[in-house]
Amino acid sequence: MKKTRYISLALFAAGIVACQLIFTALGTDYLLIQLTMSAYYALVVIGLSLLMGYAGQISLGHAAFFALGGYLTAVFSTNQLQEVVSHEMLTRLSRIGIVYSSDAHDALYRLHPALSLPTVIIVTIIIAIIIGIPILRLKGHYLSMATLGFGIILYRIFLGTKVFGEADGISNVAPFDIPGFFPIGGESSFRVPNYYFAWFLVIIALVLLLNIIDSRVGRALRAIHDSEEAASAMGVDTGRYKLIVFIISALLAAIGGFFMTHYNAGIGPSEAGIMKSVRYVSIVAVGGMANLWGCLIMGVVLNYLSLRGYFGSYDDAVFGALLIAIMVFAPNGIFKKEIFDKIRHFVSRIPCRFSK
Amino acid sequence: MLRIRNVVAGYGNLTVIRRASLHVKTGEIVTIIGGNGAGKTTLLGTIAGINQSREGEIFFDNHDITKLSSDKITSRGLSLVPEGRQVFSSMTVLENLEMGAFIRYRKGEKDEIISDIEKMYRLFPILESRKHQQAGTLSGGEQQMLAIARALMGRPKLLMLDEPSLGLAPIIVQQIFSIIKELRSFGNTILLVEQNAKAALNIADRGYVMETGHILLEGTSKELLENKDVQRAYLGKEYRRINE
């Protein structure tokens, strides 16, 4: 890994710690709730940034992947499991340890946490492959059409199915407790650890994505972006690389949704809505497609403002207007990459100044 | 080395290539000449697997590659330098060359790739002086050299060049063609598509004349240069006489 990247990550981590310390010192640590949620949304945004900026594909279904992760774990961890699986089956499963009941009356059955996350990951990968097939077959923006359709279908399914709680969504989702670890949930005594856990996930995702960008895969993606025809003439299997990136970004969205649902103790159908997908696309556009750091910062800022209710009931309108404004006035996003380079350069020279 | 038989290809309802057949032997420079819209680029694209043929067969090195995708064809040793160069404009010259060896990294030929890059710098000295410059900022001629060097980085058995003279100044065209001629002495086999018939026939061993999707004529370069129809249509001989 390059030295400059350590600096960026260190700066970023310092910013996270600073936010926590300041808010706690000011006694406004309830603001950490929105920042934690923004972190989970940021997972979606940076994944989408890789897909849009580096693989040149637009997904209008990332909210659906987010909701998929959330709804699956919500179903797995609430008593609605009894509506899907017979009681007899549940007791049998609980004997093996796949399912366990956390209250005395056997009313609340849950899939073991060690299983629910892998299940979400596997289901997401399978769905992403099925939807991603058009990119292997066709050129152009067919993926955005396929994901748009997927988003609408999933939204309607969540809205209309009893297991998914219809218009109410699913509430009372239990915290995601890993034995020997604090529970991932909304309990106020665990607010600070939860905040750090969420941002820890974002940093892991960032390291993963930055490594991809700098690897042979990233080089191939840039080549595809510059000239798809020439890239395939170099022996790059263009479809395969695009599909890999699509799967990675879908996974990040689903994992974001997974933890967000536990943190919020619930999820509603609006998370799967098409407007949510448009919101992610517009955040990536504002951050500057192939600018991971820019997207991350805009993802946090805009989601935070939206969650704090600064946009009022014009929430969706604000994001729609942003998308249009960016496309007209600053198609490369509002950040110049040079800004980040300058900051990095500046920080990297601080030790030298001290040594003088 | 390359043999195509009765290939029919096109886009959608449009048929561009109508039963074209040709072959290229090892060590040859073969050129396909013809005017605008004759189907030359489509034919190369079809051989390289960028568009699929509807009928006919394409054999490369005695293997049927008719239905293979373009990346598979490239890894068999057939490289295309696409029309209009299409260098990776956001990458540096060096990165472009490394991209050219993309399939070879998987085979673990790292040291050979580095020595091949040196070889390219000897062949195209201008690329060495520009190695850290973004490819998009190069001049047209330099981009064309880069595109050829990039294709050579894949160590192709057969190099296909699509209109390397397109949009270049005559002096640069001369340079490019002398380099192509030089490549043969390194043992490369070349299939060259050109509108600049005279320059192409001067360096080629054999040539094919293509018009509206058909191969009209074939012969050695000398035969084609002396052919009255070719002279009139592509070499501008008659035109000069009328003026005189």
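The following dialogue works through a predicted model, one feature at a time.

Q: How many helices and strands are there in chain A?

A: In this predicted model, chain A holds 15 helices and 4 strands. Its C-alpha trace covers about 65 × 55 × 40 Å along the principal axes.

Q: Which residues does Glu166(A) touch, not counting residues up to four places away in sequence?

A: Glu166(A) touches Leu159(A), Gly160(A) and Thr161(A). Glu166(A) belongs to the loop between helix 7 (142-160) and strand 3 (170-171) of chain A. A separate pair is found by C-alpha distance: Glu166(A) and Gly268(A) are 102 residues apart along the chain, yet their C-alpha atoms are separated by 8.4 Å.

Q: Why does Glu166(A) count as partly exposed?

A: The reasoning rests on a neighbour count, with 20 or more marking a buried residue and 12 or fewer an exposed one. Glu166(A) has 14 C-beta neighbours inside 10 Å, so it counts as partly exposed.

Q: Which residue of chain A has a positive phi although it is not a glycine?

A: Ala265(A) has this feature, with a phi of about 60°. Its position is the loop between helix 11 (238-264) and strand 4 (266-267) of chain A. Ala265(A) is partly exposed because 18 C-beta neighbours lie inside 10 Å.

Q: Where is Asn62(B) placed, and is Asn62(B) buried or exposed?

A: Asn62(B) sits in the loop between strand 4 (55-60) and strand 5 (63-64) of chain B. Asn62(B) is exposed, since 7 other C-beta atoms lie within 10 Å. Its phi is also positive, near 65°, in a residue other than glycine.

Q: What is the order of the strands in the open sheet of chain B?

A: Strands of a sheet pair through backbone hydrogen bonds, and the pairing may be parallel or antiparallel. In chain B, 4 strands form an open sheet in the order 2-1-4-5, with antiparallel pairing. Strand 2 (14-24) and strand 5 of chain B are the edge strands, each pairing on one side only.

Q: How many bridges join strand 1 of chain B to strand 2 of chain B?

A: Strand 1 (residues 2-11) of chain B and strand 2 of chain B run antiparallel and are joined by 7 bridges. Within strand 2 of chain B, Ile17(B) is the residue opposite Ala9(B).

Q: Which strands does helix 1 of chain B lie across?

A: Helix 1 (residues 40-48) of chain B lies across strand 1, strand 2 and strand 4 of chain B, and runs at about 70° to strand 2 of chain B.

Q: How many residues does the contact take from chain A and from chain B?

A: The contact takes 15 residues from chain A and 20 residues from chain B. On the chain A side, helix 9 (216-226) and helix 10 (228-233) each supply at least two residues. Helix 9 of chain A gives the most, with 6 residues. By class, the side of chain A that touches chain B comprises 6 nonpolar, 3 polar and 6 charged residues.

How values were computed:
Residues numbered from 1 in each chain as written. Chains lettered and ligands numbered in written order. Predicted model: local features only at pLDDT ≥ 70, side-chain atom pairs only at ≥ 80, totals over all residues. Contact = placed C-beta atoms within 7 Å. Nonpolar A, V, L, I, M, F, W, Y, C, P; charged D, E, K, R; others polar. Pairing = 2+ DSSP bridges. Axes fitted to C-alpha atoms, helices over the stretch in contact; angles between N-to-C directions.
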